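Here are my notes on this one, as promised. Have the model open while you read.

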Amino acid sequence: MNRSLAAQAPKRHCLGTHRMVSPEETLRRVRPFLPAMGITRVANITGLDRLGVPVVSVCRPNARSLAISQGKGLDLTAAKVSGVMEAVESYHAEHICLPLRRASYDELRAHQPVVDVAALPRLSVSDFHPARRLLWVEGRDLATGEPLWLPYELVHTDFTLPLPEGSGAFLMGSNGLASGNHLLEAISHGLCEVVERDANTLWHLQGDHARRRTRLRLDTVEDASCLQVLEQVGRADLEVAVWETTSDVGLPAFLCTLAERSLDPLRPRAPTSGSGCHPSREIALLRALTEALQVRATLISGARDDMGVARCYRAYQDPECWRREVERMRGESPTRCFQEVSTFVGRSFDEDVAWELERLAAAGLRQAAVVDLTRPEFRIPVARVVVPGLEPEHGTPGYTPGTRARKVLGEHAS
């Protein structure tokens with residue numbers, strides 16, 4: 001890691017998450033800028049479900065990507081910060097003011113250091129060619145601090161039409177986009193997100209037998225915050241199952257699925273899932289649990305604009321989806337002990353980022369890039385992290401398996 005950033009981001013809030021400052025302080029800092037970013041409403045939708053874990057919906061009606069963001073937390077303020085910061089980072093990625101270069105890959109690499117394009121996630125219908133001209137934006141290599149140029153379509157989230165010149169080569173989305181109270185906090189969050197998506201994809205591509213071996217024994221969980229959420233899930237009469245999805249990178253990652261114990265024919269609800277990744281196994285598990293709860297509240301509210309009716313809501317009301325998933329959950333025997341999951345708790349975000357980069361390098365992923373999207377008028381740190389070689393979420397439209405995914409597919413086909 002670039003040591004010029006070291007020791008600048010100590011952790012001062014560690015309840016349910018790791019942050020430089022408390023959620024109350026974060027909200028106080030960002031609240032004055034919300035109107036300028038088009039954020040018109042922060043709605044408490046906790047009461048739409050019966051679990052009691054706070055969930056909010058954040059509205060940005062004129063967004064150039066998603067108009068609705070969600071947030072969750074152990075208390076309402078933490079949930080508000082979670083949702084607001086997601087909306088804030090989306091705004092920044094939609095309104096990038098950095099200089100761009102128009103060049104082909106061959107033209108640019110002759111004079112500038114360029115990210116490893118061969119390892120970037122491609123569209124299934126990608127029209128990338130080394131001689132094709134497209135837009136590039138300058139970031140930096142996290143390990144060395146040196147400049148590194150990336151395809152612009154991997155960084156921005158302005159999905160208004162027509163798309164910028166050269167679009168259609170790489171997989172667009174928000175993977176690795178993160179905000180925080182310090183740039184290192186945002187970078188750590190972004191690194192965890194790209195590792196989480198990669199881990200999810202590799203886990204789903206394994207065979208059924210391999211996935212079953214990763215089922216977590218919830219009676220081995222000792223973290224107070226996780227136990228609090230699990231208790232609320234139990235009181236709401238929900239089935240819960242958790243699998244450890246940690247990949248060869250070694251950052252703790254989990255997938256959680258929640259389902260009604262018995263289905264109400266007048267109000268059918270299919271199971272929902274959430275995932276989480278963090279150097280601390282306790283935070284990673286808590287993120288997976290609360291995200292699964294957030295997805296439930298989001299589907300009940302019906303407001304999320306990237307969840308199509310056919311793909312999400314009809315399946316959510318399909319009793320057969322509930323039956324299949326509950327049978328699978330009840331038919332598996334949890335074997336994984338929570339204490340066996342690797343963990344790391346740094347005192348600062350520079351320690352976390354350094355450890356995360358070490359884990360990536362140990363897995364053969366030696367290039368990690370960041371583009372600083374922080375705007376001077378807001379001074380809210382926002383980063384877009386790109387790690388060539390990691391897989392995106394397997395369900396992303398247009399996704400085509402990369403090297404790591406093809407390796408897993410080959411291992412489980414033989």
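The points below cover a pocket and a helix pair.

1. Before anything else: this is a predicted model, where local features need pLDDT of at least 70, side-chain atom pairs count only at pLDDT 80 or more, and totals for chains, interfaces and linings use all residues. Numbering starts from 1 along each chain as its sequence is written, and side-chain values use heavy atoms, with hydrogens and water left out.

2. The second largest pocket has a volume of about 360 Å³. A pocket here is an open set of points on a 1 Å grid where a 1.4 Å probe fits, with protein on both sides within 12 Å along at least five of seven lines; lining residues have an atom within 4 Å of a point. The volume is the space filled by probe spheres set on the points.

3. Who lines that pocket? There are 17 residues, and Leu202, Ser247, Asp248, Arg404 and Val408 are the closest to its centre. Helix H11 (403-413) and helix H4 (183-205) each supply at least two residues, with H11 giving the most, six. Helices are DSSP runs (H or I, at least four residues), numbered from the N terminus.

4. Now look at H6 (residues 224-235) and H7 (residues 281-301): their axes come within 9 Å and cross at roughly 25 degrees. Axes are lines fitted to C-alpha atoms over the stretch in contact, with angles from 0 to 180 degrees between N-to-C directions. H6 and H7 are therefore roughly parallel, a label for angles under 35 degrees.

5. Residues of H6 in contact with H7 include Val229, Leu230 and Val233, and on the H7 side Leu286 and Leu289 are among them. Contact means heavy atoms within 4.5 Å.

Terms used. Angles under 35 degrees count as roughly parallel, over 145 as roughly antiparallel, 65 to 115 as roughly perpendicular and the rest as oblique.
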